[in-house]
Amino acid sequence: MAKVTKRIGLSLGADICWPIAFTEILKRLDLAVRRGRDTLRFEVERMTIDPFDIREPRRYDVVIDRLTHWYSTRREWIKKAVILDDVYVFNNPWSVQSMEKLTTYAGMVRLGFPIPETWLVPPHSYEPVEDLEVTLKSYARHFDLGAIGRKLGYPMFMKPYDGGGWRAVTRLEDESALREAYDQSGKLVMTLQAAVHPFDRFVRCIGLGPQTHVVLYDPKAPLHDRYTMKHDFLSDEERHLIDGMTLVINAFFGWDFNSCELLHKDGVWHPIDFANPCPDSQVTSLHYHFPWLIKANLRWSLFAAATGRTVKPLAWHDYFAAVEEGMTLRERIDALMPLVRARFDTDAFEEFCQAHLAHLDEVTHAWFGTDDAVEAVRRKVSALFPPHEVEEFTGLFFDRIQQWRADDAGGVRP
Ligand SMILES: Nc1ncnc2c1ncn2[C@@H]1O[C@H](COP(=O)(O)OP(=O)(O)O)[C@@H](O)[C@H]1O
Ligand SMILES: [Mg+2]
């Protein structure tokens with residue numbers, strides 16, 4: 001029998017609070033997982049930024065990555081480590097790099113999900129490059145922006161095809177607003193999308209591996225109040241559809257960790273933004289929901305490390321083949337779910353959690369009652385709020401976590 005250490009690397013940027021909780025709770029779990037003839041122990045390490053030899057020996061079994069979407073040095077390290085060493089990483093860097101918002105709409109249109117009508121328009125202006133003039137002269141045709149606007153109707157949204165973080169998103173009420181917004185859009189390549197309007201509910205569904213967590217979202221509230229603490233805002237059927245759409249999206253595009261935004265209107269849940277492969281993980285946004293994220297992250301990364309999980313290729317055509325014309329959304333999701341379960345190895349994951357992580361709830365619950373947890377919250381708050389507000393906001397966020405603990409103890413599982 002051999003003792004084997006599995007190492008989880010944290011590829012971090014401005015993340016402050018969740019890595020502390022993750023590391024401390026992992027320590028307290030004190031895992032020793034029997035697998036075959038081995039006993040597995042787990043270590044976590046924050047990755048540093050260094051020059052690297054592509055032939056360097058393998059150091060990590062799993063990497064939880066928060067940098068790939070903007071920091072190419074780390075992205076290239078990860079890609080070489082996947083290719084050379086079979087490191088498992090979430091999210092898949094190739095998916096992060098190449099699945100823009102517009103691509104994701106297209107994929108889900110093909111699967112028959114209720115994506116609002118969406119167009120793409122060529123940019124208003126360009127960076128001068130050598131072949132630009134001849135290309136535009138030959139092939140760029142005048143188009144009638146007003147006609148596209150009339151097709152989509154108002155209000156509509158203009159947003160970058162590869163957007164994120166509300167960057168350059170505008171809601172347009174009429175044709176003159178559309179023309180003005182386009183004139184000001186500069187070099188951005190813009191998507192125009194019919195608004196889901198008026199909507200009566202807005203949710204964010206966080207998916208992490210086969211796990212999901214749905215939060216009622218209030219986009220008009222200040223940042224720290226947007227993730228509401230409400231319960232019972234979905235029927236069972238709605239929950240099934242929202243979980244299902246999120247998991248299909250994540251399995252289809254190769255994201256393990258993603259946040260899917262959906263709006264409800266006239267009995268239909270419309271996914272409107274689901275290319276979010278570096279979801280908000282801050283305690284100052286998630287507060288009440290933060291412990292769920294820590295637990296989900298631990299379960300999935302430990303499962304991946306223990307089972308020697310490797311990055312799987314995408315298999316879009318299997319998904320296309322699973323759906324048929326005329327199916328309802330529910331039927332589509334149910335037909336696609338076996339592919340999702342196979343991709344995330346859901347059965348093996350659930351078995352692993354039952355066998356080795358039965359104490360995770362209790363350990364997490366206890367840790368979030370400690371001074372270390374207050375300190376983790378304070379460190380994040382100190383980075384975001386002015387000094388005279390630090391104590392007040394630390395108290396506010398910590399109180400919300402204590403509300404989660406009370407609900408958790410009472411059997412309310414958000
Ligand atoms: N089709 C739409 N219908 C209604 N609201 C929308 C639509 N598209 C975007 N929005 C609103 O604009 C916000 C930002 O757009 P989103 O696509 O989420 O961009 P980002 O990726 O920058 O978050 C959404 O959270 C939502 O409030
Ligand atoms: Mg969004």
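**Notes on a ligand site, an arginine and a helix pair**

1. Let's begin at the ligand: glutamate 261 places a polar side-chain atom 2.9 Å from an oxygen atom of ligand 1. Please keep in mind that this is a predicted model.

2. Aspartate 273 also reaches ligand 1 through its side chain, with a polar atom 2.8 Å from an oxygen atom of the ligand. Tryptophan 166 does it through the backbone: one of its backbone N or O atoms lies 2.5 Å from an oxygen atom of ligand 1.

3. Next, have a look at arginine 201, which sits in strand 10 (residues 201-208). Its side chain makes a polar contact of 2.8 Å with the side chain of glutamate 238. A polar atom of the arginine 201 side chain also lies 2.7 Å from the backbone oxygen of phenylalanine 233.

4. Beyond its neighbours within four places in sequence, arginine 201 is in contact with several residues, including Leu216, Leu234, Leu262, Leu263, His264 and Trp269.

5. Finally, the helix pair. Helix 15 (residues 371-384) packs against helix 16 (residues 390-409) at an angle of about 130°, their axes 9 Å apart. That angle makes helix 15 oblique to helix 16, and the crossing is right-handed.

6. Which residues meet where helix 15 touches helix 16? From helix 15 come Ala373, Val374, Val377, Arg378, Val381 and Ser382, and from helix 16 Val390, Glu391, Phe393, Thr394, Phe397, Phe398 and Ile401. By class, this contact has 9 nonpolar, 2 polar and 2 charged residues.

Conventions
Residues are numbered from 1 along each chain as its sequence is written. Chains are lettered from A and ligands numbered from 1 in the order in which they are written. This is a predicted model: local features need pLDDT of at least 70, side-chain atom pairs count only at pLDDT 80 or more; totals for chains, interfaces and linings use all residues. Side-chain values use heavy atoms; hydrogens and water are left out. Axes are lines fitted to C-alpha atoms, for helices over the stretch in contact, and angles run from 0 to 180 degrees between N-to-C directions. Helices (H or I, at least four residues) and strands (E, at least two) are DSSP runs, numbered from the N terminus. Angles under 35 degrees count as roughly parallel, over 145 as roughly antiparallel, 65 to 115 as roughly perpendicular and the rest as oblique. A crossing is left-handed if the near helix is turned anticlockwise from the far one by less than a right angle, and right-handed if clockwise. Contact means heavy atoms within 4.5 Å. Ala, Val, Leu, Ile, Met, Phe, Trp, Tyr, Cys and Pro count as nonpolar, Asp, Glu, Lys and Arg as charged, and the others, Gly among them, as polar. A polar contact is a pair of N or O atoms within 3.5 Å; within protein, one must be able to donate a hydrogen and the other to accept it, and residues adjacent in sequence count only if both atoms are side-chain atoms.
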